Amino acid sequence: MQVDKPCQDYAKYDHKNGIQVVALADGAGSSDHSQIGSRISVDVVCDLLLSRYSDLHSLSTSEISNTVVTEVLAVLTCEAEKNGLELTDLASTLLFAATDGNSLLYGHIGDGYIIRVVGNDSAEVLSYPVNGEFANQTYFVTSPGAINLFNIDIIPMHRESVIFLMSDGPSSVLFQRRPFAISSVFLDMSKWISNNKTDIAYAAILQNFEDSVTVRVDDDCSLALLYSSSIMYDEFSDNAISKLDESLQQVSFSIPLDVILDFLNQCMLSKRDPLKIECTTGKVQGYRTKNICQALTALGMFEDKDGNKIVFCKASALKRLFF
Amino acid sequence: MTTNMKFSEDDLYTNPTPRLPIALVLDVSPSMSGKEEYGADPSIDGVPIDLLNDGIKSFHSAIINNDTARYSAEIAILSFSSIIVREREFKLLEENDIPQVELEMNVGGTSLGKAVNEALDMLEERKREYKKAGTDYYQPWLVVMTDGKPTDLEHHKLKDSISTMVSNRKLVVFAIGIGDGADLSELEFISGTRKPQKLKELKIEEFFQWLSSSVSRVSASTIGDKVQLDPIDNWADI
């Protein structure tokens, strides 16, 4: 462990106007100031993606790469000049992923991996590390030709999928080099995230990293992730949930609140007729969807059309659950 | 955290430690016996070959006692006079595996170029094996130690290729002259951009201590590190 140096990794999650972004950077070990560079690179790319996701989405991958590198280098150059540093003093790798709920825009230069797990079934590599020939050589956002070295793509964002970004520290434990293999702990983490509240899943992942990963690695370890199911119980506002609870009690509704929330979650993620949502999974298991829908119709979250067709009113439900 | 939210240790991997291949190219020609009749430098106090073996022993001990360097440094040894002998192929050092070299008194000559050429071939071969096995590796090191003048001009042919490799950071060369008889201008042909150094008062052991410290620094480096080696004034005549 390099105890004489500050942590040079930096990671961040942010969201704005329906766009969610994670970014992670690993500062060059050769520089005493790369922890500043990694922080700036992450902040700049997060701001860029949050403010211009739609614009970037319409560009080619090489144009996106050009925009990202240009924006990051402009701020890094300014910071270097202000502090009498060389641009290379602020060198870092950079990984990012952003989504509007339908598409995923990701980018990566240097070491580390971007992994996707869909439906807790299998983990796949979206972006491999791009390194030099030797063990202590990689590419940075400040490297010559960085624009061409960036791996950028836009792909559909599947529901119930998790995107993992990580630095090279944990990569050495979570991947087998030859023959190449991805650790099944990605599936474990994905299941924990799907089946638990965010704070519980986060605590479990953090604890496991401390117990099993960082102890095996003589380097900074960073992991950042995006979960596609953007509507989760703990993201419904507390105020909205308590109001919903009160309303349900007023209509003498006896089904537990967490079952209702689980059902609403499924309705929001599904484009199917709510009555056809199978109550065979999660907390909804064993309850009749028709009963739930009827109760929620009284609250305006569903609409009974012609007396026999119940339609989910997403806008109304969102309003009740988030405000 | 619930008890079932736990990584299985079986699901975490242990990848091989990145390797640092080091080729030691050592002069064992008769002059290394320290005897004047074989052209040894009379100013040298001690028998060079013995001092060389003591240095290797000290190098071995320093590497073995450093956990990172021990599982990273792979040492190969080539001895040379007018003939070249592969004394040791690349492998990690073991506790009781102390490499030593012997004088070659039957033939004279100092075929520096041929020896260096063979060492470069060995390094390339080893790199291919690392790639095939999926093992990461650091820039290979070539360490050349000689007390005399080359007896042919083969090493002149290597000047451009070695300079290119060193400039492109594909190879690290330490060219060391032992005693006043060593011709550093000839060593320049195989040292690339790093100047050849002459040992101060035959401080072979100090050189090997420095070398092992440098191995430790490189083997503990991670992505993006630019490794700064220790000063050399402890052993080099600068």
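Five salt bridges turn up across the interface of chain B and chain A, where a salt bridge is a side-chain nitrogen of Lys or Arg within 4 Å of a carboxyl oxygen of Asp or Glu. This is a predicted model: local features need pLDDT of at least 70, side-chain atom pairs count only at pLDDT 80 or more, and totals for chains, interfaces and linings use all residues. Residues are numbered from 1 along each chain as its sequence is written, chains are lettered from A and ligands numbered from 1 in the order in which they are written, and side-chain values use heavy atoms, with hydrogens and water left out.

Back to the interface. The side of chain B that touches chain A has 13 nonpolar, eight polar and eleven charged residues; here Ala, Val, Leu, Ile, Met, Phe, Trp, Tyr, Cys and Pro count as nonpolar, Asp, Glu, Lys and Arg as charged, and the others, Gly among them, as polar. In total, 32 residues from chain B and 43 residues from chain A take part in the contact, with contact meaning heavy atoms within 4.5 Å. The size of an interface is often given as the accessible area lost when the parts come together. Between chain B and chain A that buried area is about 3,200 Å², and carbon and sulfur atoms give 52% of it; the figure is the accessible area (1.4 Å probe) that two parts lose on being put together, summed over both.

Now for some of the charged pairs. Side chains of opposite charge can pair when their charged atoms come close. Lys127(B) and Glu133(A) form a salt bridge at 3.3 Å, N to O. That pair crosses between chains, from helix 3 (residues 112-133) of chain B to the loop between strand 6 (122-127) and helix 3 (146-149) of chain A. Helices (H or I, at least four residues) and strands (E, at least two) are DSSP runs, numbered from the N terminus. Lys127(B) counts as buried because its relative accessibility is 6%, whereas Glu133(A), at 26%, counts as partly exposed. The cut-offs here are under 20% relative accessible area for buried, over 50% for exposed, and partly exposed in between (1.4 Å probe, protein chains only). These two residues also belong to a salt-bridge network with Glu124(B) and Lys170(B).

Another bridge joins the side chains of Glu9(B) and Arg216(A), at 2.2 Å, N to O. Glu9(B) sits in the segment before strand 1 of chain B, and Arg216(A) in the loop between helix 6 (198-213) and strand 11 (223-227) of chain A. Glu9(B) is partly exposed at 43% relative accessibility, and Arg216(A) is partly exposed at 35%. Arg177(A) pairs with Asp136(B) as well, in a salt bridge of 3.1 Å, N to O.

Asp136(B) leads us to Thr17(B). Leaving aside neighbours within four places in sequence, Thr17(B) is in contact with Tyr71(B), Ser72(B), Thr135(B) and Asp136(B). Thr17(B) lies in the segment before strand 1 (20-27) of chain B, yet its C-alpha atom is separated by 7.6 Å from that of Thr135(B), 118 residues apart along the chain. With a relative accessible area of 29%, Thr17(B) is partly exposed.

Beyond four places in sequence, the contacts of Ser72(B) include Thr17(B), Leu20(B), Leu92(B), Tyr138(B) and Ser219(B).

Step back to chain B as a whole. Chain B has six helices and six strands, in the pattern β-α-α-β-β-α-β-α-β-α-β-α along the sequence. Its radius of gyration, taken over C-alpha atoms, is 19 Å, close to the 18 Å from the globule rule for 238 residues, so chain B is as compact as a globular protein of that length; the rule is 2.2 Å times the number of residues to the power 0.38. Buried residues make up 53% of the 238 residues in chain B.

A cis peptide bond joins Arg178(A) and Pro179(A), with omega about -5°. Arg169(B), a residue other than glycine, has a positive phi near 60°, and lies in the loop between helix 4 (159-167) and strand 5 (172-177) of chain B.
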